[in-house]
Amino acid sequence: MTVPAPPAAMVFGPLTRTDFVRYQGASGDMVPIHHDETFARAAGFPSPFSVGMMQAGVLANWATDWLGAENVRRYRVRFKEQVWPGDVLTCSGSVEREYEQLGERKVDVALICTRQTGGVAVQGWATFVLYSNGAQS
Amino acid sequence: MVDRSALGAAGEWFEMDVERGKIREFARATLSDNPAYLADERAISEPTFLTTMIFWQDESSNPWDTVAMDQERGLHAEQEFTFFGPPPRAGTRLKARSTISAIYDKEGRRGGTMTFVEMTTDFHDADGALVAQSKMTGVETSRPPDSAP
């Protein structure tokens, strides 16, 4: 019942406007600033930028690849820097705490999704339950 | 400008079907190749999947507009999902309700007041058990957000 070691950091991108649009269509958040170049420029931005929930989703999935999709019990993200076309994102994480709660073995992990500049796009925290067979569900 | 009287506003209950094709589409859109999302007959939903509740809500079930947050100065600050067991699988029908659960101010590091608004959505299964909760935190800043990449 030990926590599996974090996998290697995973790289995504360079991201394109097409990636942004696909996420918007899938999520249902069609705010134009994330796909409409004319609208984004008129609002003072150099181009559209991604919906924050896209990189939040990418980071969440990286964590479930590590600790199991069935085992997640909490996922929280804070949005930091915007993500732009051409950005390359890197997801990584580390174990913060392993403990027992109401008869379940749990682990809290800290997660981070950075841009190629080193800037943080999203910061995340998650709780997973641990089973004796590790990340297998 | 945030309308503080929105605190406690609740939407109507709404239904949300968790569907295999939607889970698969969402996995593609969030750049995942995890077979738990893509291959399983009764695929499990991704940790952020419940954000697709937008498709199941209408004006009567989504109380967010009662907050009247300024579009120019409004940002999505944080998002949290809590699961009281494994996340819902394909084939699950959820009953959900959104409530404006908190409104509070904080002083910004560069001056100015930031107003935070939380909307909590509770998701129940067919037996009425609370299976998941989503909490969205929006913030209204006292000036428009930076536009520099």
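This is a predicted model: local features need pLDDT of at least 70, side-chain atom pairs count only at pLDDT 80 or more; totals for chains, interfaces and linings use all residues.
Me: What makes the span of helix H3 of chain A close to the expected one?
Reply: The expected span is 1.5 Å times one less than the number of residues. Helix H3, residues 52-67 of chain A, has 16 residues, and the expected value is 22 Å. From its first C-alpha to its last, H3(A) reaches 23 Å, close to that value.

Me: Why is H3(A) described as largely enclosed by the rest of the structure?
Reply: A residue counts as buried if 20 or more other C-beta atoms lie within 10 Å of its own. In H3(A), 15 of the 16 residues are buried, so the helix is largely enclosed. Across chain A, buried residues make up 42% of the 137 residues. After H3(A) comes Gly68(A), with a positive phi near 105°.

Me: What makes up the side of chain B that touches chain A?
Reply: Contact means C-beta atoms within 7 Å; 29 residues of chain B are in contact with 32 residues of chain A. Helix H1 (20-29), helix H2 (35-38) and strand S2 (74-83) of chain B each give two or more residues to that side. S2(B) gives the most, with 8 residues. The residues on this side of chain B divide into 15 nonpolar, 10 polar and 4 charged.

Notes:
Residues are numbered from 1 along each chain as its sequence is written. Chains are lettered from A and ligands numbered from 1 in the order in which they are written. Helices (H or I, at least four residues) and strands (E, at least two) are DSSP runs, numbered from the N terminus. A residue is buried if 20 or more other C-beta atoms lie within 10 Å of its own, exposed if 12 or fewer, and partly exposed in between; C-beta atoms are placed from the backbone. Two residues are in contact if their C-beta atoms, placed from the backbone, lie within 7 Å. Ala, Val, Leu, Ile, Met, Phe, Trp, Tyr, Cys and Pro count as nonpolar, Asp, Glu, Lys and Arg as charged, and the others, Gly among them, as polar.
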